[in-house]
Amino acid sequence: MSVTRTGGFRRSYDHFEPEVDDDPHAQRRTRGLLEQIDYAAFAANKELIGQALGQGDIRKFQRLAIAAAQARAVWVAQALAASASGGKLSSADLAQLTHLRATFEELTEAYEAMRRMVERGYLAMPAAPAG
């Protein structure tokens, strides 16, 4: 089983792996079936993501990047303010810091997810200007 770790999020992929079959025809059939399955997932992602997000554009990425940067700045500024008191945090202060960190992480993960959507062809982007 492979595990991908991004930020504070853990994703596990447990794909079925058939027993080794020395029959080349059976191997081709299995590869063909797996390609059909992968294409079905690709088509579903492309259609549903396109419906939900429309066409991608740089402004959408910029908005997410700015939101994540702002969330990071607020989180760290709050942590610095807490450090002025020697790091003694009340439960409310800790809850606020935790919330601010989670906000930053969620926005960062959303940015990375949208980038992966472009890489995988799920999110259509306008053609880059020639130059």
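**Exercise 1. Find how many aromatic pairs the whole structure holds, and classify the pair of Tyr39 and Phe42.**

Solution. A search of the whole structure, which is a predicted model, finds 4 aromatic pairs. A pair of aromatic rings is described by the distance of the centres and the angle of the planes. For Tyr39 and Phe42, the ring centres are 5.9 Å apart and the planes meet at 40°. Planes under 30 degrees apart would count as stacked and over 60 as edge-to-face, so this pair is tilted.

Tyr39 and Phe42 both belong to helix H1 (residues 24-53), and because they are 3 residues apart, about one helical turn separates them. Then take the accessibility of each. Tyr39 has 53% relative accessibility and therefore counts as exposed, the cut-off being over 50%. Phe42, at 26%, counts as partly exposed.

**Exercise 2. Classify the pair of Phe61 and Tyr111, and state which helices it ties together.**

Solution. The centres of the Phe61 and Tyr111 rings lie 5.8 Å apart, with 85° between the planes, and the pair is edge-to-face. Phe61 is in helix H2 and Tyr111 is in helix H3, so the pair ties together parts 50 residues apart in sequence. Phe61 has a relative accessible area of 13% and is buried, since buried means under 20%. Tyr111, with 25%, is partly exposed.

**Exercise 3. Name the residues that ring pairs link into a cluster.**

Solution. The cluster consists of Tyr39, Phe42 and Tyr122, linked by ring pairs. The pair of Tyr39 and Phe42 is the tilted one from Exercise 1.

**Exercise 4. Repeat the span check for H3, list its buried residues, and give the phi of Gly121.**

Solution. From first C-alpha to last, the 29 residues of H3 reach 42 Å, close to the expected 42 Å. Leu97, Leu100, Phe104, Glu109, Met114 and Met117 are the buried residues of H3. After H3 comes Gly121, with a positive phi near 85°.

Technical notes. Residues are numbered from 1 along each chain as its sequence is written. This is a predicted model: local features need pLDDT of at least 70, side-chain atom pairs count only at pLDDT 80 or more; totals for chains, interfaces and linings use all residues. Side-chain values use heavy atoms; hydrogens and water are left out. Rings of Phe, Tyr and Trp (its six-membered ring) pair if their centres lie within 6.5 Å; planes under 30 degrees apart count as stacked, over 60 as edge-to-face and the rest as tilted. Helices (H or I, at least four residues) and strands (E, at least two) are DSSP runs, numbered from the N terminus. Buried means under 20% relative accessible area, exposed over 50%, partly exposed in between (1.4 Å probe, protein chains only). The expected span of a helix is 1.5 Å times one less than its number of residues.
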